[in-house]
Amino acid sequence: MHAGAAPLLDIVFEAAVIEWRGPAPFYFVAIPSEHLGEVSYAAREASYGWGCVPVTASIASASFETSLFPKDGGYLLPLRAAVRVQAGIAPGDNVCVRMRIARVGA
């Protein structure tokens, strides 16, 4: 997101870190249900396909860019290992997330 560009959505929420054990473990934060409507609305202008939505997020001291994954009518925010280490995050932790969605190309 370019400096000065107004985001489509700028929210703060708390949620638990969940672990999905596939071929390799993956960690996510599920977007709370009370924010799904506004995330879905912003996603209409920000999605680059397959329902993935680019976001800028921060948890504690870790700021990062990623894409939300659509899952079962909701969205999951993936947490890379570097983000988890920097913020001291473990599965099951409750974290405070600040997340922004911008228009594609903004």
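Is Phe69 buried, partly exposed or exposed? Select Phe69: this residue is partly exposed, with a relative accessible area of 36%, where buried means under 20% relative accessible area, exposed over 50% and partly exposed in between (1.4 Å probe, protein chains only).

The model is predicted, so local features need pLDDT of at least 70 and side-chain atom pairs count only at pLDDT 80 or more, while totals for chains, interfaces and linings use all residues. Residues are numbered from 1 along each chain as its sequence is written, and side-chain values use heavy atoms, with hydrogens and water left out.

Display the strands next (DSSP runs of E, at least two residues, numbered from the N terminus).

**Strand β5 and its partners**

Select residues 74-78, which form strand β5. Of its 5 residues, 5 are buried. Gly74, Leu76 and Pro78 point one way from the strand, whereas Tyr75 and Leu77 point the other way.

On one pairing, β2 and β5 are antiparallel over 3 bridges; Ala30 stands opposite Leu76 here. Moving to the pairing with β4, one again finds an antiparallel arrangement, with 3 bridges joining β4 to β5. Lys71 stands opposite Gly74 in β5. Centre the view on the hairpin of β4 and β5: there are 2 residues between the strands, and Asp72 takes a positive phi near 50°.

**Strand β4: Thr66**

Now select Thr66, located in strand β4 (residues 62-71). Thr66 counts as buried because its relative accessibility is 14%. Leaving aside residues up to four places away in sequence, Thr66 touches Val53, Pro54, Val55, Leu77, Pro78 and Arg80 (contact means heavy atoms within 4.5 Å).

**The aromatic pair**

The whole structure holds 2 aromatic pairs. Select Phe28 and Phe69, which form an edge-to-face pair at 6.0 Å centre to centre, with 65° between the planes. Rings of Phe, Tyr and Trp (its six-membered ring) pair if their centres lie within 6.5 Å; planes under 30 degrees apart count as stacked, over 60 as edge-to-face and the rest as tilted. The pair links distant parts of the chain, Phe28 in strand β2 (residues 25-30) and Phe69 in strand β4, 41 residues apart. Phe28 is buried, with a relative accessible area of 9%.

Key
Helix = DSSP H or I, 4+ residues; strand = E, 2+ residues; numbered from the N terminus. Pairing = 2+ DSSP bridges.
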